[in-house]
Amino acid sequence: MTTLPPSATPRDEFDLGIGYMQRKDYALAEQTMKNFAQKYPSDPLLGDAQYWLGESYYQRQQYRDSAEAFLAVTTKYDKSAKAPDALLRLGQSLAALKEKEAACAAFGEVGRKYPRASAGVKAAVDREQKRVKC
């Protein structure tokens, strides 16, 4: 794992994890985000780190782990900017686990819980609801 200089800030460590995600190095991204959460348990980026942890699982088709990570974002960090995306991904993870009813409930919750979610998230929810046949 790449080590950071001793003066690294929480943001530097978070950005390192994002860099791993962008390079599709999901195992290193997972480790970096877990380390971030342990080292900075009260950092404002914690909700985002939890989202990217879930995304690292999702990209490796570890849907049970991704569902748990995304659920944590929507419950513990529901004010996070990533919360609407996490709820969408929770639904996608549940759909991948063949848990249709729970997936549809998650998709339905996006609009109710986050009426100001981005147009992209709303469009993805519509697409997923049709795909899963909610």
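**Helical fold and salt bridges of the predicted chain**

The secondary structure of the chain consists of seven helices and zero strands, helices being DSSP runs of H or I with at least four residues and strands runs of E with at least two, numbered from the N terminus. The model is predicted, with local features requiring pLDDT of at least 70 and side-chain atom pairs pLDDT 80 or more, whereas totals for chains, interfaces and linings use all residues. Residues are numbered from 1 along each chain as its sequence is written, and side-chain values use heavy atoms, with hydrogens and water left out.

The C-alpha trace spans about 50 × 25 × 20 Å along its principal axes. Buried residues account for 47% of the 134 residues (buried, under 20% relative accessible area; exposed, over 50%; partly exposed, in between; 1.4 Å probe, protein chains only).

Ten salt bridges were counted, each defined as a side-chain nitrogen of Lys or Arg within 4 Å of a carboxyl oxygen of Asp or Glu. R89 and E55 form one at 2.7 Å, N to O. This pair links distant parts of the chain, with R89 in helix α5 (residues 83-96) and E55 in helix α3 (residues 46-59), 34 residues apart. Both R89 and E55 are buried.

A salt bridge also joins the side chains of R64 and E99 (3.0 Å, N to O). Here R64 lies in helix α4 (residues 63-76) and E99 in the loop between α5 and α6 (100-113), 35 residues apart. R64 is partly exposed at 44% relative accessibility, as is E99 at 28%.
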